[in-house]
Amino acid sequence: MTEQGTNGAKPEPIEKVSIIVSKGSLEGIYPGLIMANGARMEGIEANVFFTFFGLDAINKAKNEHVKAATVGNPGLHLATWAGAVPGVSALVTRKLAGEMEKLDIPPIPEFVEMISDSGGALYACKASVDLFGLSEDDFIPQVEDVITVGEFYEMAAGGQIIFT
Amino acid sequence: MTTVTYAGTPVEVDPEGFLSQTDQWNEQIAAEIAAEAGIAELNDRHWLVINFMRSAYLENGAAPSIRTLGKASGVPIKELYDLFPKGPAKLAAKIAGIPKPRGCI
C-alpha cells in the first residue's frame, strides 16, 4: 500500500463530509459530532444529518439528557443484569461526561452549537421527524432544515458520506 | 527540517510550515506567515487570538482547543472561522509560531 495514486500524484484532500448520526446514546452521538467538528477544524466543509434516535442530539428537550447505553454494550465489560440496575446508566453517563470535560470535549448541547458556529450545517431527517411526530419547533435553532433522504444525497454530492 | 526566510530572518520550519523554535518568532514573521496563508493584513482581532494562542502555549506547553479558544480568547467561534478561514486553531497556531495543535477537539 502506498499513499501515491497510480499516476504518482498525492491523493486529493477531502473537501467535504456529510455525516449521518443515527443513534441516540451518548456513545452513538459523540463520534459523529467529533468527526464533524474535526472536519471544520481542518477547513473541510461539514454537514450533519440526524436521523432516528440520533435526532435526540438536536432535540432541545432531550439533548441535555442523553445517556450512555449500559445494556447490550459489551464494551463496558459490565454484566447485562448490572447494566439494567436503576441508576447505573446515569452513573456511567456522569462518569464519562466528567472524563470528557477533562479532555475539553463539550456536552452535547454545547457541541452541536459549536459545530454550527464553526460553519457546519445541521439537518434533521424528515422520515424520522414524521415518525416521531416532531416539528421544527422541537429542535435547537441552529438546525438549518428538515430534509428528505434525496435532499441529503444532493447536498452530499462531491464529498464523503460517513454513517455513524 | 527546512530553513525559510521570513522578514529577513532565517527560521526553521517543519514540513507543514510550523516554526520549529517558538523563540525565533516575532510580529513581522507572523505577518508574513499570515500573508502566505491568504490573510493580507492582521487586525486587532487576529492579534487577540494570536497572542492568546502563544501565551497559552508558553504557559501550558500545548495549544488550546478550539473550544477553549472560543470561550477564553474573547473571540467567539463564529468569528474565529471568519478571521482564520480553513481552520482557526491550526492557522492561528502557525501564525503564532507555536507547534501544530494535536487535539481532536
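The model is predicted, and local features need pLDDT of at least 70, side-chain atom pairs count only at pLDDT 80 or more, while totals for chains, interfaces and linings use all residues. Residues are numbered from 1 along each chain as its sequence is written, chains are lettered from A and ligands numbered from 1 in the order in which they are written, and side-chain values use heavy atoms, with hydrogens and water left out.

**View 1. Chain A and its run of helices and strands.**
Chain A has 6 helices and 5 strands (DSSP runs numbered from the N terminus, H or I of at least four residues for helices and E of at least two for strands). Follow the sequence and you get the pattern β-α-β-α-α-α-β-α-β-α-β. The C-alpha trace of chain A spans about 60 × 40 × 25 Å along its principal axes.

**View 2. Where chain B meets chain A.**
Here 14 residues of chain B are in contact with 17 residues of chain A, contact being heavy atoms within 4.5 Å. Together the two chains bury about 1,400 Å², with 52% of it on carbon and sulfur atoms; buried area is the accessible area (1.4 Å probe) that two parts lose on being put together, summed over both.

The rule finds 5 salt bridges between chain B and chain A, each a side-chain nitrogen of Lys or Arg within 4 Å of a carboxyl oxygen of Asp or Glu. In one of them, Glu110(A) pairs with Arg67(B), and the closest N and O atoms are 2.8 Å apart. On chain B, helix H3 (66-72) and helix H4 (77-83) each supply at least two residues of the side that touches chain A. H3(B) gives the largest share of that side, 4 residues. Sorted by class, the side of chain B that touches chain A has 5 nonpolar, 4 polar and 5 charged residues (nonpolar: Ala, Val, Leu, Ile, Met, Phe, Trp, Tyr, Cys and Pro; charged: Asp, Glu, Lys and Arg; polar: the others, Gly among them).

**View 3. The largest pocket.**
This pocket has a volume of about 360 Å³. A pocket is an open set of points on a 1 Å grid over the protein atoms alone, where a 1.4 Å probe fits, with protein on both sides within 12 Å along at least five of seven lines, and lining residues have an atom within 4 Å of a point. Grid points are joined across faces, edges and corners, and the volume is the space filled by probe spheres set on the points. Of its 23 lining residues, Ala62(B), Ala63(B), Pro64(B), Ser65(B) and Gly103(B) are the closest to the centre. H2(B) gives the most to the lining, with 4 residues. The lining divides into 15 nonpolar, 5 polar and 3 charged residues.

**View 4. The second largest pocket.**
This one has a volume of about 260 Å³. Its lining has 18 residues, and Leu26(A), Glu64(A), Val66(A), Thr93(A) and Ala97(A) lie nearest the centre. H3(A) provides the largest share of the lining, 6 residues.

**View 5. A salt bridge within helix H3 of chain A.**
Glu99(A) forms a salt bridge with Lys102(A), with the closest N and O atoms 3.2 Å apart. Because they are 3 residues apart in helix H3 of chain A, Glu99(A) and Lys102(A) are separated by about one helical turn. Over all chains, the search finds 10 salt bridges.
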